[in-house]
Amino acid sequence: MAVETSEAAAAWAGRSLADLIAHLVGTFHRPLPVMFDDAERELRSVGSAATAALAALDELRSELVAHMEKEEQILFPWILSARGHTAGTPIRVMQLEHRDTLERLEHTLALARAALGDADRPHLDALERSLRTHIELEEDVLFPRALAPTR
Ligand SMILES: [Fe+2]
Ligand SMILES: [Fe+2]
């Protein structure tokens, strides 16, 4: 993970924060509703065995919708206004929310494993990969760059 992280940082080093934010929104925020719908369908295929996993998935979705709205409405415009170095407080709030999201993701996946057993779960796997990469890119590349006094 550390290697991937430094590779991601290196890959974005020569590109603007505006490009990075457009990438985050386009690649990770916008596709998420469809990814959740697909994951939900995957869980529903096993009927009532997935009730608890579906409830957890729904809470994860609500949490992320609110989180991404804060990023898009408040934090990303703040960073794009070139005052990102003053955004320490909202960035800390987003980092705390990322911790909650990752915990809720683990909880949801544990319930999903219990419901689906050894069955393939490509949509849940895709959702997990997307969320982990999304959060790593924000925490390891976007936030440090936004907070740096010069960029
Ligand atoms: Fe995000
Ligand atoms: Fe985020």
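A crossing of two helices is called left-handed if the near helix is turned anticlockwise from the far one by less than a right angle, and right-handed if clockwise. The structure above is a predicted model, in which local features need pLDDT of at least 70 and side-chain atom pairs count only at pLDDT 80 or more, while totals for chains, interfaces and linings use all residues. Residues are numbered from 1 along each chain as its sequence is written, and chains are lettered from A and ligands numbered from 1 in the order in which they are written.

With that term in hand, look at helix α3 (residues 32-44) and helix α6 (residues 122-147), whose axes lie 8 Å apart at an angle of about 145 degrees, and whose crossing is left-handed. Helices here are DSSP runs (H or I, at least four residues), numbered from the N terminus, and the axes are lines fitted to C-alpha atoms over the stretch in contact, with angles from 0 to 180 degrees between N-to-C directions. On the side of α3 the contact is made by Met35, Phe36, Asp38, Ala39 and Glu42, and on the side of α6 by His123, Leu124, Ala126, Leu127 and Ser130, where contact requires C-beta atoms, placed from the backbone, within 7 Å.

Leaving out residues up to four places away in sequence, Ala53 touches Leu43, Thr108, Leu111, Ala112 and Ala115.

Arg121, placed in the loop between α5 and α6, counts as buried because it has 20 C-beta neighbours inside 10 Å, the limits being 20 or more for buried, 12 or fewer for exposed, and partly exposed in between. Apart from neighbours within four places in sequence, Arg121 is in contact with Glu42, Ala112 and Leu116. Ala82, which lies in helix α4 (residues 51-83), counts as exposed because it has 10 C-beta neighbours inside 10 Å, and its phi is near 70 degrees, a positive value in a residue other than glycine.

Note on methods:
Helices (H or I, at least four residues) and strands (E, at least two) are DSSP runs, numbered from the N terminus. Two residues are in contact if their C-beta atoms, placed from the backbone, lie within 7 Å.
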